[in-house]
Amino acid sequence: MQSSKNNSMKWRYLKQHVFFGIVRASALIITLTLGGIIFYIVYNGIGAISWDFITKPPTHSMTQGGIMPAILGTIYLTVGAIAIGLPLGIASAIYLTEYAKQGRVIRFLKVGINCLAGVPSVVFGLFGLGFFVIFLKFGSSILSGSLTLGFLILPTIIGASEEALKSVPQTFREASLSLGVSKWQTTYRIVLPNAMPGILTGSILGIGRAAGETAPIMFTAAAYFTAKLPGSIFDEVMALPYHIYVLATAGTNIEATRPIQFGTVLVLVAVVLGIDLIAIIIRSYMRRNKRW
Amino acid sequence: MESNTIIKLKDVNFYYGQSRALTDISMTFGKNKVTALIGPSGCGKSTLLRLLNRMNDLIDGTRVEGEILFEEKNIYAPDVDPVEIRRKIGMVFQKPNPFPKTIYNNIAYGPKLTGVNAGDLDTLVEQSLKQSVLWDEVKDVLNKSAMNLSGGQQQRLCIARALAMKPDVLLMDEPTSALDPISTAKIEELIEELKKDYTIIIVTHNMQQAARISDETAFFYIGNLIEYNKTEKIFTKPEVKQTEDYITGRFG
């Protein structure tokens, strides 16, 4: 009796060790892979980085010089995508969680939004080409590209915002409403501020995606080469992901531009991290005082 | 209608979807009285309380039949704005639920946004905190987060927050069930004090509390109003057997 008890204890300890082992190994594999990728990029790209590289336009048919127009273009497009996607996404999520009567229609809408998240980005690119570039006559421009990217990240932002809004305790809403404060004021003054850190966390994913996508901007915003900086939102721009694509597949001298390609990738990663960092700083600023 | 009646229910039925939570409730609540609603869990007393300031509107699929008259006007009439009703009928919840804001802003929030009593906020905040007997404890930390207060202090803050709207009626949904005995005693003293100026309707699971603080007591069982009388009468000579069984602890 005693020994069978001991055995079952041993067996349970063994199982625990095995499962902890699997979990630890998974974490390790992920970290190593990520570390490996970053190391590879930095190792190959760091040599290309110089002050001129990030402040000068490309020269000699893009085999020399810098990538400044592409950096600027990506920042414009990403900021534009956030400016379009964030307010629209938050507003949709507020409607879906706070106002809409939960039922079949809303369930159907949510399924639709989730499907949208799974649509390949090239489809968004074609939609942008057809609708913004041609039908609305915005041309290939920052505006068209930002709109396309904004719509691309919309499902991510709606999803994150919905979760964040739902996590605000119902008791806050009740407390506010019980004071005779209107529903909109309650949403705006109590629910939204408390959901904002969560909304930003989720949106960071979308921001990274907007900065890194190639297909959606290929037809809507990105120029193969332009040394001239955009003068308005109706101008074409160069963009980092598209620049990488061009250099790696269609450049004038693919082998010779390898270092520039890696350098551009490194800069793209840095730009994405930089934009994320800003979001993280805003979030931690908003999180002060928020405890419940 | 008697002049000292503030709220009157006429044949009120209430449904969550298909299931009926309250059956044919007719009763009146006296002005400047403390009325206790008692009964076992699920008897509908909290549901009834939340009907009085239309908080049940927030739950999808609920339905009210009958009339609830507040100062002789049906608060469920189509032309009534529930937001207006809630300004006059305040509420304190079971668990203290201060906003994650400063103590000052917790109190100033309602008046500021609704424009009610928003003239001199500093005075209003002080007045409300004094009314809820919290002022001496927090007067030096008004700009600190309300989340740092103890549970009992938080609940008194929530009472002060409700009082800042200068409501006519204060609904309390088991306001002391999450508090320790000392905090509970403080809130009970406070209720005693507040009844001079306010009508208080309180749901409680605590028989002694109902007996201590209320003037009238209503006993509910499975959505029905079983007995409603002076508290003294209910706790000494209840007329209905079920009431007696409940208050003597034979069931519930």
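Helices, of at least four residues, and strands, of at least two, are DSSP runs numbered from the N terminus. On that basis, chain A of this predicted model contains 11 helices and two strands.

**Confidence**

The model scores ipTM 0.89 and pTM 0.82. For chain B the mean pLDDT is 89, with 98% of the residues at 70 or more.

**Chain A**

From the N terminus, the elements of chain A follow the order α-α-β-β-α-α-α-α-α-α-α-α-α. The C-alpha trace of chain A spans about 80 × 65 × 35 Å along its principal axes. Its radius of gyration is 24 Å, whereas a compact globule of 292 residues would have a value near 19 Å. Of the 292 residues in chain A, 38% are buried. Among contacts in chain A with a separation of 6 or more, 77% join residues 24 or more positions apart.

**The four-strand sheet of chain B**

One open sheet of chain B is built from four strands in the order β2-β1-β4-β5, with antiparallel pairing. Its edge strands are β2 (19–30) and β5 (73–74) of chain B, each of which pairs on one side only. Helix α1 (residues 45–52) of chain B packs on this sheet and touches β1, β2 and β4 (62–70) of chain B. The direction of α1(B) makes about 60 degrees with that of β2(B).

**The six-strand sheet of chain B**

A further open sheet of chain B has six strands in the order β6-β7-β8-β3-β9-β10, and its pairing is mixed. Here β6 (89–92) and β10 (224–230) of chain B are the edge strands, each pairing on one side only. On average, neighbouring strands of this sheet are turned by 20 degrees against each other, direction ignored. Helix α1(B) lies across β3 (34–38), β6, β7, β8 (199–203) and β9 (216–221) of chain B.

**Strand pairs in chain B**

| Strand pair | Sense | Bridges |
|---|---|---|
| β1(B) (residues 5–16) and β2(B) | antiparallel | eight bridges |
| β6(B) and β7(B) (residues 169–173) | parallel | four bridges |

Individual bridges can be located in both pairs. B:T5 has B:G30 as its bridge partner in β2(B). In β7(B), B:L171 is the bridge partner of B:M91.

Technical notes
Residues are numbered from 1 along each chain as its sequence is written. Chains are lettered from A and ligands numbered from 1 in the order in which they are written. This is a predicted model: local features need pLDDT of at least 70, side-chain atom pairs count only at pLDDT 80 or more; totals for chains, interfaces and linings use all residues. pLDDT is the predictor's confidence in each residue, from 0 to 100. Two strands pair if DSSP finds at least two bridges between them. Two residues are in contact if their C-beta atoms, placed from the backbone, lie within 7 Å. Axes are lines fitted to C-alpha atoms, for helices over the stretch in contact, and angles run from 0 to 180 degrees between N-to-C directions. The radius of gyration is taken over C-alpha atoms; the globule rule is 2.2 Å times the number of residues to the power 0.38. A residue is buried if 20 or more other C-beta atoms lie within 10 Å of its own, exposed if 12 or fewer, and partly exposed in between; C-beta atoms are placed from the backbone.
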